Amino acid sequence: MSLEKIKTVTLADVSINNKGEYGIGASAVDYSDELYTYLRITDINDDGTLNKNDLKSVDDVDAKNYLLNENDVVFARTGNSTGKAYYYDKMDGELVYAGFLIKFSLDPSKINPKFMKYYVLSKDYKGWVNSMCTGSTRPNINAKMYGNMELILPPREQQDFLVNILGEIDNKIEINKRINKNLEELIKHIYINWFEDFEPFKGNTFHDTKLGKIPNGWNVKPLHKFIKFQEGPGIRNWQYVEEDGINFLNIRCIQNNDLILNTANMISKEEANGKYAHFMLNEWDLVISSSGTLGRYAIVRKEHLPLCLNTSIIRFKPLHSINHYAYIYSYLTSRGFYHYLLTMGSGSVQLNFGPTHLKQIDLIVPPEDVLKRYNETVFPIIEKIVKIKAEINKLTKLRDTLLPKLMSGEIDVSKINCDLE
């Protein structure tokens, strides 16, 4: 690509009104279909997508004046999340952006607006954010600073190719995420049908327990008598000098019910085989965050290994039989268990729970034949979810590998086949 065709512009140059606008200074309220959805910094994933796990609403007479529109991009302006960015996708519904976000409305005559969606994932953008925040006790980038941010803008043809190619990958990722969301909801529905409404067992006689009426032959047991759980150790949070270090989990690694590994968190192989050997994870281990945002969970896949458990993460696995796996997964990802975490979690600064809290929980334990039938019904769905998550991870890596090459013009985009079917 000819260097003469590359130009440097500022974000303000390619924005309508040549400036950014701050969001509404209103408090979040519980989510309601009758109110606008509130977009906060915490609702933006590191990859620039919307985190739909804990959405809130906004109840303010001025909220409609802060609705995001097509071609809008918002940036986090303060705190440890400074630099996080979200390009508005109308498929996410109507969103009102909060006061700690700054909106720029991109001018499609000056830039392909979706180019910005990918630019904020680039090393150039992340390097700029780091340079602006270095030395600051509380990072902050205001609207003027964002407006002055320089963009290395390739020709419009290159922008369009980049958007089309990466857009195809993102579309496939989004389709896979929706499939998995539906599969996860299906598992929840089956679990409720079997173990809360007892629909398949309505012909049985029931008896009273501390957890209510359950079918005869079923029991109530302490959680630790049925499920094995283990809390991680406290591992230092810095990158080991060896290139072949072993990843260890922290809370930020669990996103959207999956593991997003961070190579900045590593231990040596000697430590993995030594003092931390007892905490090395295995395929199919279920891990759940136990501090901060409680209840985020993920299944460890083969591609994640070797991987070490760390503090604020708890590993769960069957204590007696692999046939119990689907029931354990369904219970630990259920609304009922999440409610336990919220009511039992302690901590003045942020909620947290641990083995002491878990040992106070009782759960319904069906007979072995019921557990086996449930596992035969649900485990194939869990396997499908895990397989799709692995595909999402591969597509994400492909997108992130192509991104810098497409931005620089290193790849001849006219010869790329975008068909991902």
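Guide: Helix 6 and helix 9 are roughly perpendicular to each other. This is a predicted model. The two helices, residues 325-332 and residues 368-408, pack at an angle of about 70°. That value falls in the 65 to 115 range, so the pair counts as roughly perpendicular. The axes of helix 6 and helix 9 are 7 Å apart.

Now the residues at this contact. Helix 6 contributes Tyr325, Ala326, Tyr327, Tyr329 and Ser330. They meet Leu371, Tyr374, Asn375, Val378, Phe379 and Ile382 of helix 9. By class, the contact has 9 nonpolar and 2 polar residues. No charged residues take part.

Next, helix 2, which spans residues 123-133. Its buried residues are Tyr125, Trp128, Val129 and Cys133. They lie on the same side of helix 2, because they cover an arc of only 125° around the axis. The face turned away from that buried side carries exposed residues, Lys123 and Asn130. What covers the buried residues? The cover includes two strands, strand 6 (72-76) and strand 7 (85-87). It also includes helix 1 (113-119) and helix 3 (143-147).

Last, a loop residue. Asn51 sits between strand 4 (36-39) and strand 5 (56-58). Is Asn51 buried or exposed? Its relative accessibility is 17%, so Asn51 counts as buried; the cut-off is under 20%. Beyond its neighbours within four places in sequence, Asn51 is in contact with Thr42, Asp43, Asn45 and Asn256.

Conventions
Residues numbered from 1 in each chain as written. Predicted model: local features only at pLDDT ≥ 70, side-chain atom pairs only at ≥ 80, totals over all residues. Heavy atoms only, no water. Buried < 20%, exposed > 50% of the residue type's maximum accessible area, 1.4 Å probe, protein only. Helix = DSSP H or I, 4+ residues; strand = E, 2+ residues; numbered from the N terminus. Arc of directions from axis to C-beta. Contact = heavy atoms within 4.5 Å. Axes fitted to C-alpha atoms, helices over the stretch in contact; angles between N-to-C directions. Parallel < 35°, antiparallel > 145°, perpendicular 65-115°, else oblique. Nonpolar A, V, L, I, M, F, W, Y, C, P; charged D, E, K, R; others polar.
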